[in-house]
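Dear colleague,

I am handing over the structure we spoke about, together with its sequence. Please have both open while you read the notes that follow.

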Amino acid sequence: MKKRLRALSAVAVIFLTATVIFTACGRKREWGSEDGYLMYYYDPSNMELVAEPCDDFMYYDDEIIQAASLLYQMLYPTDSGNKSVFSWSSPYRDNSAKQRRDAINALNSGKIPDVLGISSLQKNKRILNIYFKDEGYYEMSALDEVICRAAIVQTLLQLQSVDYIGIYINDQPLTIDNKVVGLMNENNFITDTDSSLNQINYFDTKVYYSDGEGKSLVGETVRLKYSNKTSMEQTIIERLLAGPGVKGSKATLAPNTKLLTVSTRDGVCYVNFDSAFMTSLADVSAEVTLYSIVNSLCELTKVKKVQILVNGAQDGTFRDNYSLSATYERNLDIVTEVYEEIEE
């Protein structure tokens, strides 16, 4: 039985290409289970991702080879009515009987088939990185690229020990609109096919700003809203950038600072600002600025530490005091007051 996942309109896809979109409904497969895996393809007639059982399921003890097997079957779907997820023009798409035979022989020998156009698959703990050697990836349209990326991630996240997928093109991280996409998991996707794209969710948290003297932190308990397009981490940073709502408190970030990316992995939240982050606020100490970010993000239970990057780099120091290569834990010693009123 096929599962159909409604895609976004082409306009929405292009608008949101930098974040990954599309519906996630895959689940971890029992290792060695007869259920096999669901394969995700694109149905162009309805602009949908289609999930269906893998007819030619092949089980391998090595998860790297298992991943290569899944990618191979996405490249050459057995159902001719569906479009392959690899939609770009590629020399690896010959689809000849010899290529199929060579691919199966390679998989059975514990090797990655050349017909995939993949130089390697590498696993680091629970992260699976895919290294494509075909520059044709960037020739896809915005719609096709998002569909391709969604299908790859959805399919491979079913592997038991894989929680994140990374994509590299010619050994360089996948970049969309001049931004590195980074690691992807189910949180990068809209998870409810029946919900509106603009569904609003709320959560209560504390956001920390500077006191009037710039030497300590003041917390505000606020109710923040986020949609399927954003994360709670992003919402918190955006609230910090917007400034305090309590009279007498002060902002801790320069007003022209831009958040480039934010993601959490293994309890560490990586916050990537542009170079404006390094702009000094003369009346707010470096410690207050740093821990306004760290303490605010550490209010989320999944965040234990925070690392700040500037334009993706982690070298250098912030105002000569704090190394960008370090991770920082919550510090409540510099918090002098917390306002408990929750804003509606």
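Contact, as the word is used in this message, means heavy atoms within 4.5 Å. Please also keep in mind throughout that this is a predicted model.

By that definition, G267 touches K302, V303, K304 and K305, where residues up to four places away in sequence are not counted. G267 itself lies in the loop between β12 (259-265) and β13 (268-273), and it is buried, with a relative accessible area of 15%, because buried here means under 20%. Between G267 and L300 there are 33 residues in sequence, while their C-alpha atoms are 10.0 Å apart in space.

How many disulfides does the structure hold? The number is 0, and C269 shows the reasoning: its sulfur is 8.3 Å from the closest cysteine sulfur, which belongs to C298, and that is too far for a bond, because a disulfide is taken as a pair of cysteine sulfur atoms within 2.5 Å. C298, for its part, is in no disulfide, the nearest cysteine sulfur being that of C269. As for accessibility, C269 is buried at 0% relative accessible area, and C298, at 3%, counts as buried too.

Turning to the sheet, 4 strands form an open arrangement in the order β4-β5-β6-β7, with mixed pairing. Its edge strands are β4 (118-124) and β7 (172-173), each of which pairs on one side only. Strand β6 (residues 164-169) is joined to β7 by 2 bridges, and these two strands run antiparallel; within this pairing, I169 has Q172 of β7 as its bridge partner. Helix α2 (residues 63-75) packs on the sheet, where it touches β4 and β5 (127-132), and the direction of α2 makes about 135 degrees with that of β4.

Helix α2 also has a helical neighbour to consider. In general, two packed helices are described by the angle between their axes and the distance between the axes. Here the axes of α2 and helix α3 (residues 97-108) come within 10 Å and cross at roughly 165 degrees, which means that α2 is roughly antiparallel to α3, given that angles over 145 degrees count as such. The crossing of α2 and α3 is left-handed, and the contact is made by I65, A68, S69 and Y72 on the α2 side and by R100, A103, I104 and L107 on the α3 side.

With kind regards

Methods
Residues numbered from 1 in each chain as written. Predicted model: local features only at pLDDT ≥ 70, side-chain atom pairs only at ≥ 80, totals over all residues. Heavy atoms only, no water. Pairing = 2+ DSSP bridges. Axes fitted to C-alpha atoms, helices over the stretch in contact; angles between N-to-C directions. Buried < 20%, exposed > 50% of the residue type's maximum accessible area, 1.4 Å probe, protein only. Parallel < 35°, antiparallel > 145°, perpendicular 65-115°, else oblique. Left-handed = near helix turned anticlockwise from the far one by under 90°.
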